[in-house]
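Here is a short tour of one model, written for someone who likes cut-offs stated alongside the values. Have a look at the sequence and the coordinates first.

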Amino acid sequence: MALGRAFSVAVTGIDGVLVEIEADVGRGLPGVHVVGLPDTALQESRDRVRAAVSNSGQDWPVSKVVLALSPATLPKMGSVYDLAMACAVLGAARVVPAEPLLSTVLLGELALDGRVRSVRGILPAVLAARRADRHRVIVPTDSLAEAGLVSGIEVRGAAHLREVVEWLRGRGDLATPECVADPGGDDHADLADVVGQAEARWAVEVAAAGAHHLMLTGPPGVGKTMLAGRLPGLLPPLTEEQSLEVTAVHSVAGTLTPERPLVTSAPFVAPHHTSSVASLVGGGSGLARPGAVSRAHHGVLFLDECAEMSVRVLEALRTPLEDGEVRIARRAGVARYPARFQLVLAANPCPCAAPRAVACVCPPAARRRYLGKLSGPLLDRVDLRLGLQADAGGLLADGPGESSAAVRTRVADARSAARDRWRDHGWNTNAEVPGSALRQRFRLSREALAPVERALRRGAITARGADRILRVAWTLADLQGAVVPEVDCVVSAMSFREQVSLGSAGVGA
C-alpha cells in the first residue's frame with residue numbers, strides 16, 4: 001500500500017479553507033473512489049484526472065485508488081481539486097517525490113489531454129494558502145496575473161500537467177507572475193457631458209462625497225441614466241485592501257480578465273430590470289455565487305427602471321443596505337459575501353412616462369401603484385431623492401458644465417475630512433456612521449436639530465430618516481469646509497428627502 005498527499009483550497013464565499021487530499025493506492029479491483037463530501041463535478045474528476053495523467057505520459061496505477069478530501073465534513077464543489085488529486089496519485093505511485101507537495105498548494109482544472117485550465121476563486125484561494133502558512137502555490141497560467149496580486153507567498157504558473165511533474169522532479173521550472181501594470185487613465189464618462197440639471201449634478205456630488213444612496217425620478221430623456229453612469233467617476237480610487245476585497249468577489253464571480261486582473265476603481269453594476277432575486281443578491285445550486293450587490297461592493301449598483309422590477313427583488317435589497325453583507329444559506333453551507341455599495345435608483349414618474357406632467361394620461365391610482373412597488377422601508381434607506389424635469393436652459397449654456405475631474409477633487413477633500421473625523425471610531429464615510437453616534441457623541445446644536453425635531457413630531461420622517469438626514473448634513477458641511485453642520489446644512493439635507501412624494505399624484509413633477 002502506498003500513500004500520497006497534496007493540498008488544495010475550498011472557497012466558500014470569499015473565504016478559503018485548506019483541503020488535504022490523500023491518495024491511497026492499494027489492493028483491489030482497479031477503480032477510483034472519491035470520498036469527503038464531493039459534489040457531481042468533483043465525482044467526475046475521477047475520469048478527467050485519470051485521462052490527464054495517462055495523456056501526460058505517466059502511468060495510472062492499475063489497482064484500487066482511493067482519494068480522500070479532508071476536512072471530510074466540508075462540502076467540496078467544482079473542479080479546482082483536479083491538479084492536486086493528480087499529483088497526490090502520482091506521489092503515491094512514487095512517480096514524483098512527496099516532499100515538494102507538502103508545502104505546495106495546487107489549484108486548477110485538468111483537461112483530458114493534461115492542460116491546466118483556470119477556475120473561479122483563484123485570488124481568495126491563494127489568500128487562504130498564505131494564511132495556512134504554505135510556501136508556494138501553483139495555479140493555471142491564465143490565472144497567474146490574478147494569483148500574483150498576493151504577496152508573501154511564492155506563486156508559480158503551469159499550462160500542462162507535464163510541466164508540474166517535471167518541476168516536482170526538479171528537472172524544469174514554472175512560470176512566475178509579472179508585475180501587474182496599472183491600466184491608468186479614467187475610463188468613466190465625464191460629468192461635463194450632462195446638459196443642465198444643476199440640482200441633479202449637485203445631488204450626485206453629495207452622494208459621492210458621503211457614499212449616500214440616491215433616487216432620481218423624472219420623464220425619459222432628462223439625464224437620469226447619464227448622471228448615474230458618471231457617479232463612479234467621482235469616487236476616489238480603491239485602497240489596496242478594498243481593491244483586493246473587490247477583486248476576490250469578482251474572481252469568485254468569474255468576471256476578471258487576464259488583461260485586468262485587479263479592480264482598482266469603483267465598480268459600476270447595472271442589472272436589467274427583469275433580474276431575479278438570485279441574480280441580484282446571489283444564489284445558485286450548492287454554495288451560492290455572488291450577485292449584483294456583491295459585484296458592486298465599494299462601488300455603485302444602478303437599478304434603472306426600478307419601478308418595473310419585482311417587489312420581491314426590491315425588498316431583497318433591504319438587508320444588504322443595512323448590513324453591508326449578504327448571507328445566503330444553502331444545504332451545503334452558508335455563503336457570505338460583502339455588499340457595501342451605493343444604490344442609485346431611477347424611475348419614470350408613471351407608466352405612460354409622458355415628457356410633461358400635464359400630458360400624462362395615467363389616472364392617479366395608476367401613478368401611485370406604479371411607484372408603490374418601492375416600499376416605505378426601502379425608500380427610507382435612500383438618503384437623497386430628487387425629481388428631475390427637462391432643462392431647456394441647459395441647451396443654451398455657454399459651454400459644457402463642470403468636469404468630473406473638478407468635482408472629484410471636492411469629493412476627495414470632503415471624504416478626507418470625514419475619514420479624519422471618524423478614523424478613531426472605525427468609519428470611513430458619513431454613510432457608515434450609526435445613528436446612535438450622531439445623536440450622542442456627535443450631537444448637533446439644538447438650533448440645528450430643530451427642523452428635524454419638528455418633522456419627527458408631525459410624522460413627516462421616521463427615526464431612521466432623521467439619522468440619514470444628519471448623515472447628509474455632515475456631508476454638506478464637509479463639502480463647505482465647515483467643522484460642524486449648522487441649521488442650513490440640516491435644512492438642505494431635509495430638502496433632498498422632501499423633493500419626491502411618491503404617494504402624490506404629481507410624483508416627479
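This is a predicted model: local features need pLDDT of at least 70, side-chain atom pairs count only at pLDDT 80 or more; totals for chains, interfaces and linings use all residues.

Residues are numbered from 1 along each chain as its sequence is written, and side-chain values use heavy atoms, leaving out hydrogens and water.

Let's start with the charged pairs. The structure holds 26 salt bridges (a side-chain nitrogen of Lys or Arg within 4 Å of a carboxyl oxygen of Asp or Glu).

| Pair | N to O distance |
|---|---|
| Asp 47 and Arg 50 | 3.1 Å |
| Arg 464 and Glu 322 | 3.7 Å |
| Asp 323 and Arg 327 | 3.2 Å |

Asp 47 and Arg 50 both sit in helix α2 (residues 45–55), three residues apart, about one turn of the helix. Helices here are DSSP runs of H or I with at least four residues, and strands are runs of E with at least two, numbered from the N terminus.

Asp 47 counts as partly exposed at 47% relative accessibility, as does Arg 50 at 32%. Buried means under 20% relative accessible area, exposed over 50%, and partly exposed in between, using a 1.4 Å probe and protein chains only.

Now for helix α5 (residues 122–131): eight of its ten residues are buried, so α5 is largely enclosed by the rest of the structure. Among the buried ones are Ile 122, Leu 123 and Pro 124. After α5 comes Asp 133, with a positive phi near 65°.
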